[in-house]
Amino acid sequence: MTTPAPAQPGLQPMDPDAQRDQAFMDAVARESGQDLKSCYQCGNCTAGCAYTHDYDIPVHQVLRLAQLGQRERVLSCRSIWLCASCQACTTRCPNNIEVATVMDVLRHMARRAGHGPERLVKTFADSFLASVARHGRIFEVGLAAAFALKSGKPLQDACLGPAMLSRGKLAFLPHEPSAKAKAEVAGIFERFAAGKAAAPAADQGKAGGAQ
């Protein structure tokens, strides 16, 4: 007798009425500006995704779980952290759902809820945003150094430094934009902070390491 293969994480049987979180469903629709009810699971987004082989739950099933209000399953999955926001899913959607935007929103919700299963992805994102907030644009050397230290692998890309420096790809000092441009960037961070502070309690979840 053939032993059945174990179910994949994204294909586990579920009761669609169990743990249905209407507040979560409403929050996803509100923050993304998308009508997830129009998704009929054609699978085009998954077919066009370059990272499907690394996802624990395929893109179309992430949307389905969001449709069903399965908050914890969606926000704790790896897929939303591995999404590169390349827009291939959005381009392929026959109902013009901005799937990449939904994935971005879910990632923000996961951070607020304390979920961060892909630690290095979060570490790089935090280092990237900190560099932009401080300098008004990316300071590549500072970003590389901060990420290397925070990731616990300070020498992982050291061999690339000399070659990039010799080709003028890196600079030891940041090249900051004008004061006006820096103020505009600072305004973006301020608006984001204000929006995060005003986020509904239903989306906040428990405070955790992803804050």
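Trainee: Why is cysteine 86 called exposed?

Mentor: In this predicted model, cysteine 86 has a relative accessibility of 53%. Exposed means over 50%, so cysteine 86 counts as exposed.

Trainee: How do you know that cysteine 86 is in no disulfide?

Mentor: The nearest cysteine sulfur, that of cysteine 89, is 6.2 Å away. A disulfide needs two cysteine sulfur atoms within 2.5 Å, so cysteine 86 is in no disulfide. The structure holds 0 disulfides.

Trainee: What makes the sulfur of cysteine 93 too far from the closest cysteine sulfur for a bond?

Mentor: The closest cysteine sulfur belongs to cysteine 42, and the distance is 6.3 Å. The cut-off is 2.5 Å, so the two sulfur atoms are too far apart for a bond.

Trainee: Is cysteine 93 buried or exposed, and how do you know?

Mentor: Cysteine 93 has a relative accessible area of 14%. Buried means under 20%, so cysteine 93 is buried.

Trainee: Which residues does valine 99 contact, leaving aside its neighbours within four places in sequence?

Mentor: Valine 99 is in contact with Val59, Leu63, Cys89, Thr90 and Cys93. Valine 99 is also listed among the residues with the most contacts inside the largest nonpolar core, together with Leu75, Ile80, Leu106 and Met109. That core has 33 residues.

Trainee: Which helices each supply at least two residues of this core?

Mentor: They are H1 (22-32), H3 (59-67), H4 (71-75), H5 (79-82) and H7 (99-113). Helix H7 gives the most, with 9 residues. In soluble globular proteins, nonpolar side chains tend to be buried together.

Trainee: What makes arginine 112 and glutamate 31 a salt bridge?

Mentor: Their closest N and O atoms are 2.8 Å apart. The cut-off is 4 Å, so the pair forms a salt bridge. Arginine 112 lies in helix H7 and glutamate 31 in helix H1, so the pair ties together parts that are 81 residues apart in sequence.

Trainee: Are arginine 112 and glutamate 31 buried, partly exposed or exposed?

Mentor: Arginine 112 has a relative accessible area of 8%, and buried means under 20%, so arginine 112 is buried. Glutamate 31 is at 31%. That value lies between 20% and 50%, so glutamate 31 counts as partly exposed.

Trainee: How do you know that aspartate 126 and arginine 111 meet in a salt bridge?

Mentor: The N to O distance is 2.8 Å, and the limit is 4 Å, so their side chains meet in a salt bridge. Aspartate 126 lies in helix H8 (residues 119-135) and arginine 111 in helix H7, so this pair ties together parts that are 15 residues apart in sequence. Aspartate 126, at 23%, and arginine 111, at 22%, are each partly exposed.

Trainee: Why is lysine 37 called exposed?

Mentor: Its relative accessible area is 73%, and exposed means over 50%, so lysine 37 is exposed. Lysine 37 meets aspartate 35 in a salt bridge at 3.2 Å, N to O. Aspartate 35, at 40% relative accessibility, counts as partly exposed. The structure holds 7 salt bridges.

Trainee: Where is confidence lowest in the chain, and where is it highest?

Mentor: It is lowest in helix H12 (residues 201-204), at a mean pLDDT of 48, and highest in H3, at 95. Over residues 204-211 the pLDDT is below 50. Where pLDDT is low, the predicted coordinates should not be read in detail. The chain averages a pLDDT of 81, and 82% of the residues score at least 70.

Conventions. Residues numbered from 1 in each chain as written. Predicted model: local features only at pLDDT ≥ 70, side-chain atom pairs only at ≥ 80, totals over all residues. Heavy atoms only, no water. Core = buried A, V, L, I, M, F, W, Y, C linked by side-chain atoms within 4.5 Å. Buried < 20%, exposed > 50% of the residue type's maximum accessible area, 1.4 Å probe, protein only. Helix = DSSP H or I, 4+ residues; strand = E, 2+ residues; numbered from the N terminus. Contact = heavy atoms within 4.5 Å. pLDDT = per-residue confidence, 0-100.
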